[in-house]
Amino acid sequence: MYRQDVAEYNLDKPMDYQKTIELVNKYIVHTTQFLNRFATSCEEKLETVSRNLTRLEITTELLHRKLQSIDGVEDGGRGGGGGGSTSTSAAPAAPPPPGGGPPPPPGGGPP
């Protein structure tokens, strides 16, 4: 059976060279178009990610600076050591009463 397959294959006419060149050129053109579209899509997505990352970095830096500007906030909860503002007291002082007068006595009753 193998010899019969070979004999039938030999009876087929070879493909025209012009047709082969045309098929190869179409393949190259379509592949190039696909790769160009793919590269453009990837560049657009990377640009979007880059913009979002830059926006996130700026927002994070602003929040960090706002936290540093608050009295009594130590190191932003990053654990011990290195940088950040430090407070000398264990707890921040209570704000003055709204009336502007002296605070009530510790027992809460009249003086």
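Modeller: Happy to, and let me start from one phenylalanine: F38 is partly exposed, with a relative accessible area of 49%. Here, buried means under 20% relative accessible area, exposed means over 50%, and partly exposed is whatever lies in between (1.4 Å probe, protein chains only). A word on the ground rules: this is a predicted model, so local features need pLDDT of at least 70 and side-chain atom pairs count only at pLDDT 80 or more, while totals for chains, interfaces and linings use all residues. Residues are numbered from 1 along each chain as its sequence is written, and side-chain values use heavy atoms, leaving out hydrogens and water.

The partner of F38 is F34, and the two rings form a stacked aromatic pair, 6.1 Å centre to centre with 20 degrees between the planes. Rings of Phe, Tyr and Trp (its six-membered ring) pair if their centres lie within 6.5 Å; planes under 30 degrees apart count as stacked, over 60 as edge-to-face, and the rest as tilted. The structure holds one such pair. Both phenylalanines sit in helix α2, which covers residues 17-69, and they are four residues apart, about one turn of the helix. Helices (H or I, at least four residues) and strands (E, at least two) are DSSP runs, numbered from the N terminus.

Together with Y27 and I28, V24 forms a nonpolar surface patch with about 310 Å² of accessible area. Patches are made of residues with over 30% relative accessible area and no salt bridge, like charges being joined within 9 Å and nonpolar side chains (Val, Leu, Ile, Met, Phe, Trp, Tyr) within 5 Å. The areas come from the Shrake-Rupley method with a 1.4 Å probe, and for residues only the protein chains shown count as cover.

Now for the charges. A search of the whole structure finds three salt bridges, each a side-chain nitrogen of Lys or Arg within 4 Å of a carboxyl oxygen of Asp or Glu. One joins E22 and K26, at 3.6 Å from N to O; these two lie in helix α2, four residues apart, about one turn. E22 is partly exposed at 42%, and K26 is partly exposed at 44%.

Further along, E47 and R51 meet in a salt bridge at 3.9 Å, N to O. They too are four residues apart in helix α2, so about one helical turn separates them. E47 is partly exposed at 43%, as is R51 at 45%.

R65 forms a salt bridge with E61, with the closest N and O atoms 2.8 Å apart. This pair also lies in helix α2, again four residues apart, about one turn. R65 counts as exposed, at 53% relative accessible area, whereas E61 is partly exposed at 36%.

Buried residues make up 1% of its 111 residues. The chain exposes about 10600 Å², and carbon and sulfur atoms supply 61% of that area.
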